[in-house]
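User: I have a model open and would like to go through some of its contacts. Can we start with the rings?

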Amino acid sequence: MGNLGCAVVLQSLSAVLFLLCTITGVSLGTELNFVTCGSVIKLLNLKHNVRLHSHDVRYGSGSGQQSVTGVAQVEDSNSYWSVRGPTDAPCYRGTPVQCGQTIRLMHVNTGRNLHSHYFASPLSSNQEVSAFGEEGEGDHLDEWTVQCGGSVWKREEAVRFLHKATDALLSITGEQYGRPIHGQMEVHAMSSPSQHTLWKAMEGIFMKPSESPAGSRVSTHPHTEF
């Protein structure tokens, strides 16, 4: 089994995600058709054609936590999220995410987790969605259940994310902010499934399951799409 050295350099608002990988004796093979733990991805809302986004801008009402929005720009590095397990159940890097599995989505550039609670969202007064925590550690309100149709989360399929604590679905209904985030769409959570609650995995770094004969869950191979 070859050795994999990988360093991910993440820069701030105006920078791009840069991936440096050194691979010895390992073939990346064909692209994965499912999402795995440890992957860094962008999520597209299929109804509004915007990507789930965050930045170090706080809500002026509600919780006052870091805002989460939808943006049309494809190349924005603030739309990358890392797929992680809940604090009490490890999500081994490279393991396919199961339908019905609980995950956390950590905003890569700020280290805060996708989060929801019973505060009212700023524009629609639905359930607020924010980014919360420090260096990837928050609380139980960061947990979301992946709703999909088969056994694992396939990249080409539409999925929903159910907030575990409040039974509300990650959603966009089209309301747009003014300054300082003009044109970005409000992200919130709603109790009823609809076309507004459908998401799809897009660009990112998809960690491949280990190919070790011993079934090691530590060594993984990245497949990158920007």
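**Charges, rings and strands**

Analyst: The charged end of Lys42 sits over the ring of Tyr80, 4.7 Å from the ring centre. A charge counts as over a ring if NZ of Lys or CZ of Arg is within 6 Å of the ring centre and within 35 degrees of the ring normal. This is a predicted model, where local features need pLDDT of at least 70 and side-chain atom pairs count only at pLDDT 80 or more, while totals for chains, interfaces and linings use all residues. Residues are numbered from 1 along each chain as its sequence is written, and side-chain values use heavy atoms, with hydrogens and water left out.

User: What does Arg155 lie over?

Analyst: Arg155 lies over the face of Phe206, at 3.8 Å from the ring centre.

User: And how many aromatic pairs are there?

Analyst: The count is one aromatic pair. Trp153 and Phe161 form that pair, which is edge-to-face, at 5.4 Å centre to centre with 70 degrees between the planes. Rings of Phe, Tyr and Trp (its six-membered ring) pair if their centres lie within 6.5 Å; planes under 30 degrees apart are stacked, over 60 edge-to-face, and the rest tilted.

User: Is Trp153 buried or exposed?

Analyst: Trp153 is buried, because its relative accessibility is 0%. Phe161 is buried too, with a relative accessible area of 0%. Buried means under 20% relative accessible area, exposed over 50%, and partly exposed in between (1.4 Å probe, protein chains only).

User: Change of topic. Where is Glu156?

Analyst: Glu156 is in the loop between β10 (144-147) and β11 (160-163). Strands (E, at least two residues) and helices (H or I, at least four) are DSSP runs, numbered from the N terminus. Glu156 counts as partly exposed because its relative accessible area is 49%.

User: Which residues does Glu156 touch?

Analyst: Leaving aside residues up to four places away in sequence, Glu156 touches Asn33 and Lys200. Contact here means heavy atoms within 4.5 Å.

User: How do β10 and β11 run?

Analyst: They run antiparallel, joined by four bridges. Two strands pair if DSSP finds at least two bridges between them. Gln147 has Arg160 in β11 as its bridge partner. Two bridges also join β11 to strand β12 (residues 168-176), again antiparallel, and His163 stands opposite Ala168 in β12.

User: Which residue in the hairpin of β11 and β12 takes a positive phi?

Analyst: Asp167 does, near 60 degrees, in a hairpin with four residues between the strands.
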